[in-house]
Amino acid sequence: MAELQNTKSKLKAVIFDVDDTLYLEMDYIRSGFRLLTEYLHSLNIPAVLEDFVACFQTNAGDAIDLYLHRIGAYNKSLHQSLLSIHRAHIPNIQPFDYVEELLLWLKEKGLRLGVISDGTALAQNNKLMGLKLHHYFDDIVFSDALGGPHCRKPCDVSFRYIQKQMNIPFENMLYIGDNLDKDFYPVTHLGMQGIQYWNEKGVYYGKKYKVNSPSFREIKQMIQEIMEQRMPLNITIDGPVGAGKSSVANAVADRLGILHLDTGAMYRAFAYACKTMAVDENNPEQVAQAIKDTNISVDFVDGEQKTMVNGRVVNDYIRTPEMSMLASTLSKLPEVRQKLVAEQRNIARSHDILLDGRDTGTNVLPRADVKIFLTASPEVRAMRRFKQNAGGQSYSEILEDLKKRDLQDTTREINPLVMAEDGILVDSSDMDFEQTVEQILNIVRNFDGKQK
């Protein structure tokens with residue numbers, strides 16, 4: 001960018017798996033089975049530790065059941081006793097080399113640390129106690145505590161839970177785990193970053209692993225590189241129809257050297273698509289089907305936005321009062337907003353960009369760095385449009401349309417037009433175009449680059 005450098009770090013939190021990520025899970029198994037062997041000896045029941053371990057390697061989920069049957073000592077009461085002892089014991093286990101140094105370094109960097117681990121809360125918590133790592137973590141989530149075994153990975157419920165606890169966007173979170181099959185589906189699905197660590201002695205060694213695994217020293221370097229990546233600068237300009245958002249946004253974006261995404265053009269493009277397909281705007285089912293069948297996309301050519309419907313540029317057809325009013329009507333449908341907002345967020349994740357529209361700061365990019373609410377009195381907005389000869393309408397007709405649109409936009413049930421709580425009001429009623437642009441540029445220049 002020509003005038004502004006955004007130094008926000010991309011990484012805010014690091015979440016760890018536990019088993020075979022912080023330590024070798026087989027050490028936990030041996031620790032528990034050693035205790036069970038001693039307990040069986042106290043009952044005068046012959047038991048051999050290595051035979052216990054062999055049963056685990058044969059059938060991990062039912063190792064105790066299998067072993068008791070093999071030695072002819074099975075009964076339900078004994079099985080439950082052994083299971084309870086195993087889960088309740090504080091294991092004699094050690095973290096992998098360099099894990100504690102890594103956790104201390106991350107804490108010193110000011111990152112929020114968490115744990116997401118499958119299994120019963122009692123057993124998994126005891127593992128952290130045995131590892132003596134409990135105090136490093138700000139948030140600890142054991143999936144079974146959220147609703148039982150069906151909440152285990154690859155279910156994403158534990159990831160969504162910890163994200164709400166941390167109040168950090170998924171894209172600013174890193175997950176470190178070992179099981180490529182279970183651990184990383186929610187990571188990819190939710191838009192988190194991920195690093196896989198595995199050990200050839202791990203329980204899941206050879207099961208959908210990557211060819212090479214980083215050491216924890218290498219993981220530190222990978223995290224350092226992520227932390228040094230700059231987050232894209234996101235600016236939003238919201239306001240009522242006729243406030244000059246698009247033209248002002250174009251000028252601001254151009255002088256900052258960033259892209260300008262006109263979100264309203266995407267809704268108008270969909271309105272144009274519905275018009276050409278003779279979709280009944282008052283039939284929600286038809287509109288919902290139309291948004292599913294229509295690809296609304298944008299491209300930037302020499303900084304100019306090309307808005308497309310199914311690959312066809314429609315810029316010349318969407319700036320009429322009819323398309324503007326129809327877009328406002330169609331945007332009330334949740335399916336329409338969900339699809340277009342998702343596309344807008346995807347674009348903003350990877351570009352320094354300015355968005356303008358009706359709810360870009362309150363809904364589309366609620367964590368935008370700078371949020372402007374650009375407005376002017378209805379009379380001023382109407383006069384500006386009249387001077388532009390908007391569709392040959394009279395001043396009174398334009399004013400009436402603006403007031404109608406204002407009422408429609410501010411009272412709609414889904415994402416009404418309001419200024420964000422942390423938005424900055426810019427009233428251009430008594431300013432010309434250049435003064436308005438310069439005021440917004442001054443606001444952006446004062447942005448300090450800190451994460452909200």
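**A central strand and its surroundings**

Strand β6 (residues 234-238) runs parallel to strand β11 (residues 353-357), and five bridges join them. Two strands are taken to pair if DSSP finds at least two bridges between them. The strands themselves (E, at least two residues), like the helices (H or I, at least four), are DSSP runs numbered from the N terminus. This is a predicted model, in which local features need pLDDT of at least 70 and side-chain atom pairs count only at pLDDT 80 or more, while totals for chains, interfaces and linings use all residues. Residues are numbered from 1 along each chain as its sequence is written, and side-chain values use heavy atoms, with hydrogens and water left out.

Five of the five residues of β6 are buried, so the strand is largely enclosed by the rest of the structure. Buried here means under 20% relative accessible area, exposed means over 50%, and partly exposed is in between (1.4 Å probe, protein chains only). In a regular strand the side chains alternate between the two faces of the sheet. In β6, Asn 234, Thr 236 and Asp 238 point one way, and Ile 235 and Ile 237 the other way.

Helix α14 (residues 334-349) has 16 residues and reaches 22 Å from its first C-alpha to its last, close to the expected 22 Å (1.5 Å times one less than the number of residues). Its buried residues are Val 336, Arg 337, Leu 340, Val 341, Gln 344, Ile 347 and Ala 348. Seen down the helix axis, they fall within an arc of 115 degrees, so they line one face of α14; the arc is that of the directions from the axis to the C-beta atoms.

Aromatic rings come next. Rings of Phe, Tyr and Trp (its six-membered ring) pair if their centres lie within 6.5 Å, with planes under 30 degrees apart counted as stacked, over 60 as edge-to-face and the rest as tilted. By this rule there are eleven aromatic pairs. Phe 52 and Tyr 67 have ring centres 4.0 Å apart and planes at 25 degrees, so this pair is stacked. The pair links distant parts of the chain, as Phe 52 is in helix α2 (residues 49-58) and Tyr 67, 15 residues apart from it, is in helix α3 (residues 63-70). Both Phe 52 and Tyr 67 are buried, and together with Phe 33 and Phe 56 they form one aromatic cluster. Tyr 175 and Phe 184 have centres 6.3 Å apart and planes at 75 degrees, so they are edge-to-face; these two are buried as well.

As for cysteines, the structure holds zero disulfides (a disulfide being a pair of cysteine sulfur atoms within 2.5 Å). The sulfur of Cys 151 is 5.3 Å from its closest cysteine sulfur, in Cys 155, too far for a bond. Cys 151 is buried at 6% relative accessible area, whereas Cys 155 is partly exposed at 27%.

The peptide bond from Lys 153 to Pro 154 is cis, with omega near 15 degrees, and Pro 154 is in the loop between β3 (139-142) and α7 (157-166). Asp 20, not a glycine, has a positive phi near 60 degrees and is buried at 2% relative accessibility. Asn 167 also has a positive phi, about 55 degrees, without being a glycine, but Asn 167 is exposed, at 54%.
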